[in-house]
Amino acid sequence: MTPHGRGLKVLVADGDRTVLELVQIRLDVAGYHALVARSGPAVLETLKTVRPAAMILDMDLPEAGAFEVLETLTRRGDKLPCPTLVVGRKLGIEDVKRAIGLGARDCMAKPFSGAQVLERVARMLKPTCAAPPAVRRPLFVDDPRLPRATA
Amino acid sequence: MSLAAKADLGLEASVASTLDVLAWEMELASARCMLLDATIGEMMKAIPEERREDFVESMHTVDLLCQQLTSLSAFTRNLSGAVSEEVSAPVEGALGEITLGALADRMATALGGACKGVDERDSAGEFDLF
């Protein structure tokens, strides 16, 4: 197995101990540095001192769920500090719309496998600004880009 | 079943939820195996090259165990989605048979029981290395 996380910090927040440890181990083994939080306020507290490369937030986090956390972080019109994946057991279309509206990059329904969560994190961390496509200018008569005719 | 008889059975949970909880636990076990696999991989670097072959089979077994648990987890997760939420089963007795306190506590909490806050490290005991 080749670690591909390059030590990037990923904050994982879930009230379920099994899910939290599972995701933490999978991220660590993949070469990421997983930081964990068990409640909404713990996420906000962690973000005061750490700037993760990505976040995974559970919709049903104790004390303040993912939406409340996202609302708090974007209250002043600020952007989210990093790409965010919202996960949830009963994730409906309205929840997905709300999460995306609050700046989340992606959503995933529970239950998921360790492999699926790694795939989503890797996708979120892929550079989104691809190089602009080369401008194709039309050719014209005597265009220097045209091959020269040989006698 | 009478209400009194139901009360005697203690904690009840839907079969779908129980399978879901089992799937998560198997996925966690698989992740722990992966961690073990990675740790053994690191330790192998410290072993002289001529002796590494002696351990290759054991490493392969750990890898196989990871895959087995991942597959069983996927199977259980799929099964959980296929079972009606209305079918329930008494789980209290079965939970009582689990001797690892932290696992029993996690599963009981996930199935709607009370959380006792058992820590994995507290119940794991000391390492008996020597």
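Me: How many bridges join β1(A) to strand β2 of chain A, and do they run parallel or antiparallel?
Reply: This is a predicted model. In it, β1(A) and β2(A), the latter spanning residues 33-37, run parallel and are joined by five bridges.

Me: Which residue is the bridge partner of A:Leu11 in β2(A)?
Reply: A:Leu11 is bridged to A:Leu35 there.

Me: And what unit do β1(A), helix α1 and β2(A) make?
Reply: A right-handed β-α-β unit, with α1 of chain A covering residues 17-29.

Me: What about β3 of chain A, how many bridges pair it with β1(A)?
Reply: Four bridges, again in the parallel sense, with β3(A) at residues 54-58. Within that strand, A:Ile56 is the bridge partner of A:Val12.

Me: Why is β1(A) largely enclosed?
Reply: Because four of its five residues, in the run 9-13, are buried, the rest of the structure largely encloses β1(A).

Me: Switching to the interface. How many residues are in contact?
Reply: Chain B has 17 residues in contact with 13 residues of chain A.

Me: Which helices of chain B each supply at least two residues to that side?
Reply: α2 (15-44), α3 (49-82) and α5 (101-110). Of the elements on that side, α2(B) gives the most, with twelve residues.

Me: How do the residues on the chain B side divide into nonpolar, polar and charged?
Reply: The side of chain B that touches chain A has nine nonpolar residues, six charged and two polar.

How values were computed:
Residues numbered from 1 in each chain as written. Chains lettered and ligands numbered in written order. Predicted model: local features only at pLDDT ≥ 70, side-chain atom pairs only at ≥ 80, totals over all residues. Contact = placed C-beta atoms within 7 Å. Nonpolar A, V, L, I, M, F, W, Y, C, P; charged D, E, K, R; others polar. Buried ≥ 20, exposed ≤ 12 C-beta atoms within 10 Å, placed from the backbone. Pairing = 2+ DSSP bridges. Right-handed = clockwise from strand over helix to strand, strands pointing away.
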